[in-house]
Amino acid sequence: MAIVMLGVALTAGAGGGVSGGSAPASAPVDEAWVATGASVTLPGNAVTPVDLRTRQVQAKVHLGSLPSALAFTKNDAALLVTSQGTDKLTEIDPASGRVMRSVTVGVEPDAVAVAPGGTAGKGMALVANLDSNSVTPVDLGTWKAGKPIPVGTEPVAVAIDASNGHDGTAFVADFGSNQVTPINLATLTPGTAIAVGPSPETVAVARPSDQLLVGNFGNDSLTVITASTLAPVSTIALPLNPTDVVVNAAKTTAYISGGASIVPLTLAGLALGTPIRLPDVAQAVAFDPRGTTAWVALQAGSLVPVTLATGVVGRAIHLGGHPSALVIATR
């Protein structure tokens with residue numbers, strides 16, 4: 001199952017997948033991290049950093065088998081990676097690429113998101129475990145796993161709505177039971193599940209529009225839920241099978257990836273735009289730090305930039321492997 005999370009931007013660099021030279025030490029670096037090889041038919045054990053400004057592919061960081069999902073902690077201080085093959089959550093120092101620590105979670109962890117809280121305010125990681133139908137909370141201040149939280153069947157994505165600080169909600173897409181399970185972040189207890197379309201693959205929160213967006217892989221649709229009331233309000237037919245949904249920094253537009261395209265959705269009025277064609281199947285999408293470019297991880301093993309103002313697709317950066325997740329930060 002493809003797991004998605006992410007996106008990215010690009011300038012007109014020279015060369016093909018890898019440029020020559022590197023940015024000065026004092027220059028900020030837009031850095032994408034890509035989990036590659038997360039497939040039982042094409043197993044891998046590494047995540048790959050990419051300097052997006054120079055188009056330089058950096059040395060892979062090797063860790064447990066089948067890396068499946070990525071998330072940054074507060075202020076992009078650390079990178080969290082789930083590994084399905086070892087049932088672990090691992091922390092990487094993004095500046096040095098060093099593996100710092102890991103903790104055992106549930107069976108086949110398939111998604112991770114970071115919520116407020118944790119010891120010393122360092123956050124709480126919520127890890128969705130595909131094969132144990134649970135979410136494991138991990139205190140990032142102590143790196144101790146808490147009691148698993150029961151959810152639906154085959155949880156594959158987690159989104160955090162922390163608009164009320166610690167009294168927020170995590171939303172878990174349950175691929176196998178066609179529902180979204182809300183989790184109270186203050187008590188770490190599940191609420192009543194919300195029925196959505198078949199095989200929900202991805203979920204995102206749009207604030208301040210009070211919308212929860214759920215991409216249903218099974219019937220090429222998007223379920224829109226009012227986040228504050230947990231009531232579904234509409235279902236939108238999509239021109240693709242959704243693998244990821246991300247919301248821009250202005251909170252005006254969502255971008256949905258799937259098939260060989262991404263499509264914009266204007267949140268006011270829920271109007272779909274024209275799909276932007278890509279050279280291969282889109283697994284994940286994320287924005288550059290300025291919000292002007294979306295980087296898309298493609299199934300064939302590359303990243304491509306899409307200039308959001310024009311919809312122009314740039315040249316690919318080749319990574320190899322089978323990308324499954326993507327996150328971007330500036331350091």
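Analyst: Two strands count as paired if DSSP finds at least two bridges between them. Strands are DSSP runs of E with at least two residues, numbered from the N terminus. This is a predicted model, where local features need pLDDT of at least 70 and side-chain atom pairs 80 or more, while totals for chains, interfaces and linings use all residues. Residues are numbered from 1 along each chain as its sequence is written, and side-chain values use heavy atoms, with hydrogens and water left out.

User: What makes β20 and β21 a pair?

Analyst: β20 (residues 211-216) and β21 (residues 221-226) run antiparallel and share six bridges, so they pass the cut-off for pairing. One spot to look at is Val214, whose bridge partner in β21 is Thr223.

User: Which sheet do they belong to, and which strands form its edges?

Analyst: The sheet is an open one of four strands, ordered β19-β20-β21-β22, with antiparallel pairing. β19 (200-206) and β22 (231-237) are the edge strands, as each pairs on one side only. From one strand to the next, the twist averages 20°, taken between lines fitted to C-alpha atoms, with angles from 0 to 180 degrees between N-to-C directions.

User: How do you know that Arg53 and Asp30 form a salt bridge?

Analyst: The rule wants a side-chain nitrogen of Lys or Arg within 4 Å of a carboxyl oxygen of Asp or Glu. Here the closest N and O atoms are 3.2 Å apart, so the pair qualifies. Arg53 is in the loop between β2 (46-51) and β3 (56-57), and Asp30 is in strand β1 (residues 30-36), 23 residues apart.

User: Why is Asp30 called buried?

Analyst: Buried means under 20% relative accessible area, exposed over 50%, and partly exposed in between (1.4 Å probe, protein chains only). Asp30 has 2%, so it counts as buried.

User: How many salt bridges does the rule give?

Analyst: The count comes to six. Among them is Arg101 with Glu91, with closest N and O atoms 2.6 Å apart. Arg101 comes out partly exposed because its relative accessibility is 40%, while Glu91 is buried because its value is 11%.

Another is Asp210 with Arg207, at 2.9 Å between the closest N and O atoms. Asp210 has 17%, so it is buried; Arg207 has 24%, so it is partly exposed. Shared partners also join Asp30, Arg53, Asp288 and Arg290 into one salt-bridge network.

User: What is the peptide bond from Arg207 to Pro208 like, cis or trans?

Analyst: It's cis, with omega near 10°. Pro208 is in the loop between β19 and β20. For background, most peptide bonds are trans, and most residues other than glycine have a negative phi.
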